[in-house]
Amino acid sequence: RLRRRAAGVAREYGAGGILAAETTLSGAGLRGLQVQLVAASGAALPVLLVNTALAVYKPRGMTRYGWRKQYEQQHEQHKESQL
């Protein structure tokens, strides 16, 4: 019965599927995977929080770029009006 199941898995998922179907993880193996998953999630959480804060936060008023562009436009309009 296991061979029939493994053959079906092989058709769907290839040789890696057979290995996965016939391999069982011990408690220590599962524990290692759990620790790795928690560590990866813990490392990703601050990155996501920083990205969210940067996406939401906007300083009041205009940035230096905005001030410069506004100054350039006003300066150009002033020059054109003098001609």
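Start by selecting Glu72 and Arg68: these two form a salt bridge, with the closest N and O atoms 4.0 Å apart. (A salt bridge here is a side-chain nitrogen of Lys or Arg within 4 Å of a carboxyl oxygen of Asp or Glu.) Keep in mind that you're looking at a predicted model, where local features need pLDDT of at least 70, side-chain atom pairs count only at pLDDT 80 or more, and totals for chains, interfaces and linings use all residues. Residues are numbered from 1 along each chain as its sequence is written, and side-chain values use heavy atoms, with hydrogens and water left out.

Now show the helix around the pair. Glu72 and Arg68 sit four residues apart in helix α4 (residues 64-82), so about one helical turn separates them. Helices (H or I, at least four residues) and strands (E, at least two) are DSSP runs, numbered from the N terminus.

Put together, Arg68, Lys69 and Glu72 are linked in a network of salt bridges. How many salt bridges turn up in a search of the whole structure? Two.

Glu72 is partly exposed at 31%, Lys69 is partly exposed at 34%, and Arg68 is partly exposed at 44%.

Zoom out to the chain. You'll find four helices and zero strands, running α-α-α-α from the N terminus. Buried residues make up 6% of the 83 residues. The accessible surface comes to about 8,000 Å², and carbon and sulfur atoms account for 61% of that; areas like this come from the Shrake-Rupley method with a 1.4 Å probe, and for residues only the protein chains shown count as cover.

Last stop: colour by pLDDT, the predictor's confidence in each residue, from 0 to 100. The chain averages 78, and 66% of the residues score at least 70. Select helix α1 (residues 2-13) and you've got the lowest confidence, a mean of 57, while α4 has the highest, at 88.

Methods: Buried means under 20% relative accessible area, exposed over 50%, partly exposed in between (1.4 Å probe, protein chains only).
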